[in-house]
Amino acid sequence: MRIHAVIAAAVTAGTLAALTASPAQAAEYSSALKLRGVQYDAPGTDSNSCSTGNTREEYLTIKNYSSSATVNLRGYYVKDAAGNRFTFTANHYLQPGDYVKLRGGNGTDSDAGNVVYRDNCNFIWNNDRDTIYFYKPSGSGADVHSYTKSVNDRDGNGYITFH
């Protein structure tokens, strides 16, 4: 009996350690669309000026990981820990394996260029840490990731890959 209790305690401790060891938490939902990565810190000095700023260089990449389903982004939305939110209001179809970059700033959305602009020159992702929530049109979770610059961006380039 004593050996089984020791083994059970060791397995439980190992499981808890494995669960708490990864600071970039991700929730796996049943969704073809997932957050592939984020350029959370735009290169250069942050400036949210629409004419001369660099918010276009901050982007979130969303990928369709389905092997067969085309997904329309219309109605999907993303938000950060502070509640800043962007909703895809137009049709934007992602073929299997395709991706889109959701960029800050203003521009022309393009299926061919795999880009959608937030039409907002304010930065959305924090440069030190944040949580990115991705929701289906129904409001159910599609994907979520938390990051910290010091732990998840080992090369310091401002980009973190999730999937």
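**Aromatic pairs, one at a time**

Student: Why does Phe88 count as buried?
Tutor: This is a predicted model. Phe88 has 2% relative accessibility. Buried means under 20%, so Phe88 counts as buried.

Student: What makes Phe86 count as buried?
Tutor: The cut-off again. Phe86 comes out at 13% relative accessibility. The limit is under 20%, so Phe86 is buried.

Student: How many aromatic pairs does a search of the whole structure find?
Tutor: The search finds 6.

Student: Take Tyr59 and Tyr159. Why is this pair called tilted?
Tutor: First, distance. The ring centres are 6.1 Å apart, and a pair needs centres within 6.5 Å. Next, angle. The planes stand at 40°. Stacked needs under 30 degrees and edge-to-face over 60.

Student: Are Tyr59 and Tyr159 buried or exposed?
Tutor: Both are buried.

Student: Why is the pair of Phe86 and Phe88 called edge-to-face?
Tutor: Their centres lie 5.1 Å apart, with the planes at 85°.

Student: Which residues do ring pairs link into a cluster?
Tutor: Tyr77, Tyr133 and Tyr135.

Student: Which charged residue lies over the face of Tyr77?
Tutor: Arg85, at 3.6 Å from the ring centre. Over the face of Tyr133 lies Lys79, at 6.0 Å from the ring centre.

Technical notes
Residues numbered from 1 in each chain as written. Predicted model: local features only at pLDDT ≥ 70, side-chain atom pairs only at ≥ 80, totals over all residues. Heavy atoms only, no water. Buried < 20%, exposed > 50% of the residue type's maximum accessible area, 1.4 Å probe, protein only. Lys NZ or Arg CZ within 6 Å of the ring centre and 35° of its normal.
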